[in-house]
Every structure is written in C-alpha cells, then in structure tokens.
Protein chains: 4
Amino acid sequence: MSVLIEFSMSPLDQGESVGDYVARSLAIIDESGLPYRLGPMGTCLEGEWDEVFAVVRRCYERMREDCRRITAVIKVDAREGRSGRIESKLERVERSVGRKLRT
Amino acid sequence: MSVLIEFSMSPLDQGESVGDYVARSLAIIDESGLPYRLGPMGTCLEGEWDEVFAVVRRCYERMREDCRRITAVIKVDAREGRSGRIESKLERVERSVGRKLRT
Amino acid sequence: MSVLIEFSMSPLDQGESVGDYVARSLAIIDESGLPYRLGPMGTCLEGEWDEVFAVVRRCYERMREDCRRITAVIKVDAREGRSGRIESKLERVERSVGRKLRT
Amino acid sequence: MSVLIEFSMSPLDQGESVGDYVARSLAIIDESGLPYRLGPMGTCLEGEWDEVFAVVRRCYERMREDCRRITAVIKVDAREGRSGRIESKLERVERSVGRKLRT
C-alpha cells in the first residue's frame, strides 16, 4: 500500500512564532529521501507505513529536546496499488476540473 | 485576523475513487476568488473567518446533493496582523532551512 | 443531515497551559443547548451545519479577544437520516465488539 | 513525555456503514492494555510514543487485510511530566468552568 500522510507539528510553549521549529522538521524530512511536498499548513510524505512514521518520530524526538508541549496532526490516506500519488492526485483533480488550478 | 484553513472533504459512501467529488469542490473554491492552494491531501484557503467557512459550506451543500455520508477535516491557523500567508509561510521555512525545498 | 463535529481550539501564544481558554469555549458550548460531549482531545457537537459552526465561530470570536494566534482542528461526520449520534455511535461499537468499552 | 493521541481510522471503499471496522480497531485497542477512551469521533490513547503508535499500526495492518483504501486522522498532544491525562484534562476543564459538563 502507498501510505500518503500529511502532518504538522508545533510546540505549544514557545510563543506564536514557530517557524524555526517547523524548519528543523523540514530539514529532517528533506534528508529522509522520501517523496514529500511542503504546504502552507503541513507537509505531505509518501512511503510505506513504517517509513513515513519513522520520519514523524524523528521530528518529534528532535522537538522534544527543547519543547515541553508538542501538538501534531497527522492525516493518513493509504491506498492499494498506487504510488507517486503526491503528483498524481493533483493532476487528477486538475484534469477533472478541466482547468489549471493553483497548486 | 488572517484565517488560513486547510480542508479536505470526501463522501464515505461512493467507493474508493472520490476524485470527481474533490474536483467539484475545487471548482467552487477556484470560483470563490479567495487565495487558495491545492495540495495532495487538502486545499488551503485564506480570508476572513466568514469568507472561508462560507466556501466550505458551499462545498458541503453541493456534496450532500448526492452523497449520504460526508467526512471532512478542517485545520485552522488564525493570526493577527498578517496576510498573504499561503506564500509567506512557505518562503519563511525555506529561508530558515537555507535551501530550496519541494513545495 | 445530522452534522456531528469534533473540534479543539487553542491559542498558540499563551504558553503550555491552555486550560482556561478551553474552559471558556466549553462554557459557550454548554450554553448553546446543542447536544455535546467533552473528551480529552476535543468536544463533539451535533446539529445542523449552521448550528454547529455558529458555536465554533463564537468560541473563535471569544478567543481572539485576547489571543494573537489560534489553531483549531474540526472533524466533520455528516450523515443522512440519523440523529442522536453522539450516543448511538458509542453503543453501536460496544455492541459490535461484544463487551463494555471505556467511554 | 506523556503522549496522548486521538485517532480515527476508516475504510473509504466499504460503503457508508463502517461500524464493524471501527469495532475491530476497538478490540485491538482494548487488548493493548494502554489507557484509552472511546468517543463518538475517535479514540484517545495514552502512553509513550512507540506504545501508542504500535497500536495504531496494528489497527492499520488489520484493516488493510480487506480494505483497499484507508483514511485516518491522528491528533497528538505530548507533554512533559504528566500522566493520567485522559482523566485529568476533563477534570481540569470542569473545575475551571465551575459546573458539571457532559463527558
């Protein structure tokens, strides 16, 4: 199964600007080698279940080094017999709407 | 306040391929005139609270015409004194990581 | 359609203890007269689309009075021809598992 | 850190009634021995990171035996130096509101 997740993770105890913490997670994601795509509200990541959740765990372990309270939301969309879904899902919607969308 | 939301909405009673339903929502979003960005797992939308939730409601009203069960997830990030955040949040993370990321 | 939502809303700029803000939202929810149920990670609320989202909006308006950054997650489960689902969904799962569960 | 998660997991390809699949997950959760609490929109689970995510993974492995498309949402709230938070978070809010709430 292709496991596509989108996740966001933030400290709750570090004030309203959490960009530096997000950046540290992104560095971990970028180095994982898995296909990913950063969005304004979270990052999509594709792989096997254990692969994608190992990356989420690394982000958590890094954040807990200096944060006392951490919140995260992980959305999962697992589908049999597909891969390359980060790109294909966007193309599919654009084709169906019949015009170029902002992606 | 700038209200940035990410939302995804799917019928639960229409089988595993829900791309046509997603496409109908995207047409509604694209016609709303609000800044948006389609991602693999949801669409980001920015505006005032009432503006963005009016769009989500239109997507729901359209979907309930022919679906009996609908699920949605809406993530909200509201922040005082900012706008144009769909772009600026991505730029901010890239700048902080110090390299080009996949967006 | 019965619209069942679960939502949680927190300030991101008020430190790690956000219980007082959650309590203010709960007071608003309790006074709404809609069926609800408080859980450890969010509150379930049932009604028509406009009813439940009006309550969420009141919680947001109250919180923005003294918070500069607010995050929320809203999960929606809308279903034709049902009501009283806050109770019935729990009973249905217990019956199917065949033993008393912790609810 | 106490890791409190709430998660829901459903097949997208099995029609609008997914109660039997939810019941199978609940049996797995109940047998895990971790503190949990079933709610109308998801189940809360508390433990170490690896403990709670091992349970989520078992639910996924069981569901993929006969489902081709699976969606899940996992909310995480991790906090230093606390435990027993499934109960304590509810008590804290009730105390703060100053009246009995529906839990």
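User: A residue is buried if 20 or more other C-beta atoms lie within 10 Å of its own, exposed if 12 or fewer, and partly exposed in between, with C-beta atoms placed from the backbone. Which residues of α1(B) are buried?

Analyst: Heads-up: this is a predicted model, where local features need pLDDT of at least 70 and side-chain atom pairs count only at pLDDT 80 or more, while totals for chains, interfaces and linings use all residues. Residues are numbered from 1 along each chain as its sequence is written, and chains are lettered from A and ligands numbered from 1 in the order in which they are written. Helices (H or I, at least four residues) and strands (E, at least two) are DSSP runs, numbered from the N terminus. In α1(B), the buried ones are B:Tyr21, B:Val22, B:Ser25, B:Leu26 and B:Ile29.

User: What do the buried residues of α1(B) pack against?

Analyst: Here a contact means that the C-beta atoms of two residues, placed from the backbone, lie within 7 Å. Part of the packing comes from the other chain, namely α3 of chain A.

User: How far apart are the end C-alpha atoms of helix α1 of chain B?

Analyst: The expected span of a helix is 1.5 Å times one less than its number of residues. For the 14 residues of α1 (residues 19-32) in chain B that gives 20 Å, and the model agrees, because its end C-alpha atoms are 20 Å apart. Just after this helix, B:Gly33 takes a positive phi of about 85°. To answer you directly, the ends of α1 in chain B are apart by 20 Å.

User: In what order do helices and strands follow one another in chain A?

Analyst: Chain A has three helices and four strands. Its C-alpha atoms fill a box of roughly 45 × 30 × 20 Å along the principal axes, and 50% of its 103 residues count as buried. Of its contacts between residues at least 6 apart in sequence, 67% join residues at least 24 apart. Read along the sequence, the pattern is β-α-β-β-α-β-α.

User: Which element gives the largest share of the side of chain A that touches chain B?

Analyst: In this pair, 31 residues of chain A are in contact with 31 of chain B. On chain A's side, β1 (2-11), α1 (19-32), β2 (36-38), β4 (69-79) and α3 (85-97) each give two or more residues. That side divides into 16 nonpolar, five polar and 10 charged residues, where Ala, Val, Leu, Ile, Met, Phe, Trp, Tyr, Cys and Pro count as nonpolar, Asp, Glu, Lys and Arg as charged, and the others, Gly among them, as polar. The largest share, eight residues, comes from α3(A).

User: Which residue in β4(D) is the bridge partner of A:Asp77?

Analyst: Chain D and chain A touch through 19 residues each, and the largest share of chain D's side, 11 residues, comes from β4(D). Two strands pair if DSSP finds at least two bridges between them. β4(A) and β4(D) pair in the antiparallel sense over 11 bridges. In β4(D), the partner of A:Asp77 is D:Thr71.

User: Which residues are exposed on the other side of α3(D)?

Analyst: The buried residues of α3(D) are D:Ile86, D:Lys89 and D:Val93. They lie on the same side of the helix, because their arc is only 80°. Across from them, the exposed residues are D:Glu91 and D:Arg95.

Note on methods:
The arc is that of the directions from the helix axis to the C-beta atoms.
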